[in-house]
Amino acid sequence: MPLTYCTNIHPSNGWADVLATIQRYAPPLKAALAPDAPFGIGLRLSGQESAELLEADHLADFKRYLDEAGLMVFTMNGFPYGPFHNEPVKDQVHAPDWRDPERVDYTIRLAQALAVLLPDGMDGGISTNPLSYKPWFEGAVDDTDWTLMTHHMVDVVAELARIHQATGKLIHVDIEPEPDGVLETSAELVEYVEEWLMPVGGVLLAAELGLDEDEATALLLEHIRVCWDTCHVAVMYEDPAEVLARYQAVGLKVGKVQISSALRVDLPSDREARHTVQAALDPFVESTYLHQVIQQNRDGTLTSYRDLDHALPHIFAPEATQWRIHFHVPIFLERYGALGSTQDGIVETLRLFAQQPFTNHLEIETYTWGVLPPALQRPLGESIRREFEWVHQAQAALR
């Protein structure tokens with residue numbers, strides 16, 4: 001099973017930067033981790049970089065480099081469109097959302113590149129955002145927006161079907177539920193598939209490609225899949241076995257598992273002990289990414305905060321028993337001093353996978369190396385290698 005890492009961890013500004021970081025980091029990692037087999041790269045390109053890759057001979061040259069270096073690209077990260085490092089990203093990670101035609105054009109550019117880069121005999125995946133960001137809507141998403149987003153998803157599926165017919169390369173778009181996304185949980189994704197993608201999208205795709213609705217629905221479920229981020233599943237307090245069963249019940253395939261870990265904090269009843277937890281969390285407040293906090297209360301209900309700095313003033317709430325924080329911490333560590341992690345959720349997902357392989361793509365996705373507290377920072381190549389080694393050890397223990 002190809003295991004890769006996502007290059008969204010590398011700052012870049014243009015295709016030349018992307019290529020330079022791959023040439024710097026990928027060959028040493030291959031030599032250490034896969035000396036006798038192709039080594040996978042989960043390619044992340046911004047909107048600008050996706051356009052640049054398709055210009056001149058860049059794509060052909062890159063494919064040639066990959067083949068000569070023993071590297072391969074079988075999955076891409078099409079979630080963040082703009083800059084992803086060294087400046088505030090926050091909620092703009094969702095822009096443009098699936099109401100904007102540029103999200104369609106960007107995803108199609110990625111698919112056109114992947115159709116060339118994808119090794120024969122493998123399917124290719126492009127992860128994408130959960131349609132949009134909930135706080136951008138006043139109240140519930142209305143039917144006009146659901147219809148528009150579905151129409152745009154269908155536009156991409158139609159192009160993916162044409163690529164498959166012309167090249168034999170099967171490519172899917174993998175929707176990634178995330179805290180505060182329009183689709184936050186597996187249940188919300190399934191509801192969207194049942195209420196919008198299949199009935200509304202099926203009619204649209206049938207008309208566009210000249211198919212009957214059953215054929216169109218089958219095509220939608222082939223080209224629209226799930227990006228299962230283990231950090232996001234854990235932050236939303238979802239059980240991995242229930243998530244898998246929910247997807248399988250509606251025929252929704254898992255296109256990719258992103259292996260990532262979140263912060264988990266059990267909140268003690270003693271106020272002084274909570275002061276200790278608060279002090280441990282302070283270094284994780286930073287200005288680049290969203291770090292949503294989902295609080296579990298004594299009665300089993302959940303309370304959501306849009307970011308860690310929004311949540312910290314409420315850390316002494318007597319009803320709160322646990323926080324799970326959307327901060328992608330290194331997966332090879334179970335604890336960070338006074339703070340815990342959701343590493344056990346990764347292990348449970350890998351256990352399910354060992355029993356029943358439900359995806360062809362596994363991708364390590366810890367992208368916060370540059371904003372981690374200083375005590376957790378190590379040379380980047382060393383950190384990536386330790387992530388791979390931990391996953392390999394976890395898989396071996398499950399055999």
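Colleague: At what angle do H5 and H8 pack, and how far apart are their axes?

Modeller: H5 and H8 pack at about 85°, with their axes 10 Å apart. Before we go on, this is a predicted model, in which local features need pLDDT of at least 70, side-chain atom pairs count only at pLDDT 80 or more, and totals for chains, interfaces and linings use all residues. Residues are numbered from 1 along each chain as its sequence is written, and side-chain values use heavy atoms, with hydrogens and water left out.

Colleague: What makes H5 roughly perpendicular to H8?

Modeller: Angles of 65 to 115 degrees count as roughly perpendicular, while under 35 is roughly parallel, over 145 roughly antiparallel and the rest oblique. The angle here is about 85°, so H5 is roughly perpendicular to H8. The axes are lines fitted to C-alpha atoms, for helices over the stretch in contact, and angles run from 0 to 180 degrees between N-to-C directions. Helices are DSSP runs of H or I with at least four residues, strands are runs of E with at least two, and both are numbered from the N terminus.

Colleague: Which residues make the contact of H5 and H8?

Modeller: Val154, Val157, Leu160, Ala161 and His164 of H5 meet Leu219, Leu220 and His223 of H8, where contact means heavy atoms within 4.5 Å. By class there are 6 nonpolar, 2 polar and no charged residues. Nonpolar covers Ala, Val, Leu, Ile, Met, Phe, Trp, Tyr, Cys and Pro; charged covers Asp, Glu, Lys and Arg; the others, Gly among them, are polar.

Colleague: At roughly what angle do helix H7 and helix H8 cross?

Modeller: The axes of H7 (residues 199-209) and H8 (residues 213-223) come within 8 Å and cross at roughly 105°. That makes H7 roughly perpendicular to H8. On the H7 side the contact has Gly201, Gly202, Val203, Leu205, Ala206 and Leu209, and on the H8 side Glu213, Ala216, Thr217, Leu219 and Leu220. These residues divide into 7 nonpolar, 3 polar and 1 charged.

Colleague: What is the strand order in the open sheet of 8 strands?

Modeller: The order is E1-E14-E7-E6-E5-E4-E3-E2, with parallel pairing. Strands E1 (3-5) and E2 (39-44) are the edge strands, as each pairs on one side only.

Colleague: How do you know that E4 and E5 pair?

Modeller: Two strands pair if DSSP finds at least two bridges between them. Strands E4 (residues 124-128) and E5 (residues 171-175) have 5 bridges and run in the parallel sense. In one of these, glycine 124 has isoleucine 171 of E5 as its partner. Helix H5 (residues 143-167) packs on this sheet, touching E5 and strand E6 (224-229), and its direction makes about 155° with that of E5.

Colleague: Why is E2 called mostly covered?

Modeller: Buried means under 20% relative accessible area, exposed is over 50%, and partly exposed lies in between (1.4 Å probe, protein chains only). In E2, 6 of its 6 residues are buried. Phe39, Ile41 and Leu43 point one way, with Gly40, Gly42 and Arg44 pointing the other way. E2 is also joined to strand E3 (residues 71-77) by 5 bridges, running parallel, and leucine 43 stands opposite methionine 76 in E3.

Colleague: Why does arginine 225 form a salt bridge with aspartate 123?

Modeller: The term asks for a side-chain nitrogen of Lys or Arg within 4 Å of a carboxyl oxygen of Asp or Glu. The closest N and O atoms of arginine 225 and aspartate 123 are 3.9 Å apart, so the pair counts as a salt bridge. Arginine 225 is in strand E6 and aspartate 123 in the loop between helix H4 (101-117) and E4, 102 residues apart.

Colleague: Are arginine 225 and aspartate 123 buried or exposed?

Modeller: Arginine 225 has 7% relative accessibility and counts as buried; aspartate 123 is buried at 11%.

Colleague: What about arginine 109 and glutamate 102: what separates their closest N and O atoms?

Modeller: They are 2.9 Å apart, in a salt bridge. Arginine 109 is buried at 16%, whereas glutamate 102, at 22%, counts as partly exposed.
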